[in-house]
Amino acid sequence: MIRKVKGTRDILPPESPLWAAVEAEARRIFGGLGYEEIRLPVLEPTELFVRGVGEGTDIVTKEMYTFADRKGRSLTLRPEGTAGVARAFIENGLAQRPQPQRLYYIGPMFRYEKMQRGRYRQFAQIGIELLGAETPQADVEVIMALHLFLAALGFDDLEIQLNNLGDPEDRPRFVAGLKRELEPHREELCGDCRRRWDENPLRILDCKVPTCRELVAATTPIAELVSPEARTHVEAVERGLADLGIPVRRAPRLVRGLDYYLRTVFEVVSPQLGEGAVICGGGRYDRLIADLGGPQVPGIGFAIGEDRLVEVLPEPFKARVLGVRPVVVLPLAGEAVPAAFALARDLIGRGSRAQVEVTGRSLRAALKWATKIGARAAVIVGPDELAAGEVTVRDLDRGEQERVPLADVAARLAGPAGTAPA
Ligand code: ATP
Ligand code: MG
């Protein structure tokens with residue numbers, strides 16, 4: 001037997017309809033706010049992520065699926081979406097279009113990580129990017145979009161955490177202070193962090209090793225050292241969100257694992273998820289597009305981990321999606337088949353789900369199958385009924401049945417739930 005690649009997943013029914021419903025909701029909410037879909041390649045030049053995400057990040061140093069193609073070019077399966085959006089923005093001259101550009105994406109990402117709950121090697125993200133606006137209002141809009149989407153799915157226990165990373169100009173001062181405070185404990189840091197000390201000391205802040213975390217927790221938070229401009233910006237974002245009644249909590253230790261973020265960064269945490277608790281991460285990245293060789297265009301966005309989101313979906317949303325039950329149509333003879341399919345088409349046109357029995361099994365077996373798949377009603381199309389212009393409608397919950405004129409049956413069973421026969 002051939003097995004799937006480690007860290008990848010088969011998303012099967014009945015879970016797959018939840019994914020489709022989540023994505024439909026994302027399209028509805030983000031589309032409603034003026035965000036338009038951008039569909040980008042999964043394969044990108046490796047250099048895009050090395051320069052975009054950052055050389056010393058976990059993603060670039062140990063998580064990328066990088067390989068040489070047949071001509072020896074180094075390609076990488078995208079580990080995240082923002083760098084690709086920035087590349088496409090530059091390459092397609094989106095700066096020439098009306099600003100800001102509101103974009104969203106949905107699709108698979110790849111990271112070579114240790115597998116555990118909520119952590120896969122192929123996973124999906126739903127993200128939005130707002131490009132060409134550097135005001136605090138832009139940040140408020142993006143976080144509002146996130147909140148609106150999560151609320152539409154029925155979440156009410158998720159926490160939005162926010163921090164201020166300041167501007168790149170604030171970093172040397174912060175890093176110097178951090179190193180001064182950590183110097184006495186340098187030998188206690190993990191091997192990775194001792195390497196980060198010179199290469200990318202900021203990344204020490206998001207080390208997951210408990211001793212490193214403890215040492216970092218005793219240092220001065222970055223938000224206390226940022227420029228007055230950055231401080232004013234993020235405070236305006238917090239006020240704007242408070243005005244909208246969107247609860248956010250300051251998280252002084254929140255840094256995010258990608259180099260391009262500045263000023264506003266945020267995460268959404270699910271109390272249910274334990275270790276893989278973070279279901280969304282985002283922030284402002286005003287230098288990314290310029291750093292990749294494009295114009296000076298600011299941006300802010302977030303990415304939701306769809307696998308983790310689906311794992312903690314509220315029950316009412318799931319019930320709404322999974323509660324749609326089909327009608328089965330059972331032709332009892334060859335000559336009843338066209339009428340059966342015609343009826344199924346009519347039902348679908350009226351918003352119902354309808355499945356025609358096609359295996360040729362007996363009526364008894366077909367009714368058993370109908371119950372097994374959760375059908376709400378069976379429409380039995382038999383030769384004698386058909387001759388009389390009627391069918392038999394059987395309510396599968398109550399076990400009652402009656403003859404109904406063929407012309408009335410679709411209207412009677414219309415809609416996702418339909419009305420049970422009287
Ligand atoms: P973590 O700290 O959990 O490794 P991250 O900071 O690396 O997350 P981001 O790069 O911010 O993650 O990606 C945004 C979201 O994508 C995360 O909040 C998470 O929900 C999801 N995500 C990231 N990596 C994975 C993965 N390996 N498997 C499933 N979902 C993931
Ligand atoms: Mg990670």
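**Cis prolines, a helix pair and a ligand shell**

Pro-100 sits in the loop between helix H4 (82–91) and strand E5 (101–110), where helices (H or I, at least four residues) and strands (E, at least two) are DSSP runs numbered from the N terminus. The model is predicted, so local features need pLDDT of at least 70 and side-chain atom pairs pLDDT 80 or more, while totals for chains, interfaces and linings use all residues. Residues are numbered from 1 along each chain as its sequence is written, chains are lettered from A and ligands numbered from 1 in the order written, and side-chain values use heavy atoms, without hydrogens and water.

The bond between Gln-99 and Pro-100 is a cis peptide, with omega about 0 degrees. A cis bond also links Pro-13 to Pro-14, with omega about 5 degrees; Pro-14 belongs to the segment before H1. Another backbone feature is at Arg-263, which is not a glycine but has a positive phi of about 50 degrees. Arg-263 is part of strand E9 (residues 262–269). For context, most residues other than glycine have a negative phi, and most peptide bonds are trans.

From the segment that holds Pro-14 the chain leads to H1. Helix H1 (residues 16–32) and helix H12 (residues 315–322) have axes that come within 10 Å and cross at roughly 105 degrees; axes are lines fitted to C-alpha atoms over the stretch in contact, with angles from 0 to 180 degrees between N-to-C directions. H1 is therefore roughly perpendicular to H12 (65 to 115 degrees). On the H1 side, Pro-17, Leu-18, Ala-21 and Val-22 are in contact (heavy atoms within 4.5 Å) with Phe-317, Lys-318, Val-321 and Leu-322 of H12. The residues of this contact comprise seven nonpolar, no polar and one charged, with Ala, Val, Leu, Ile, Met, Phe, Trp, Tyr, Cys and Pro counted as nonpolar, Asp, Glu, Lys and Arg as charged, and the others, Gly among them, as polar.

Oxygen atoms of ligand 1 make polar contacts (N or O pairs within 3.5 Å) with several side chains. Arg-256 places a polar side-chain atom 2.5 Å from a ligand oxygen, Gln-125 has a side-chain N or O atom at 3.0 Å, and a polar side-chain atom of Arg-308 is also 3.0 Å from an oxygen of ligand 1. The protein covers 92% of the 590 Å² of accessible area (Shrake-Rupley, 1.4 Å probe) that ligand 1 has on its own.

Methods. A polar contact is a pair of N or O atoms within 3.5 Å; within protein, one must be able to donate a hydrogen and the other to accept it, and residues adjacent in sequence count only if both atoms are side-chain atoms. Angles under 35 degrees count as roughly parallel, over 145 as roughly antiparallel, 65 to 115 as roughly perpendicular and the rest as oblique.
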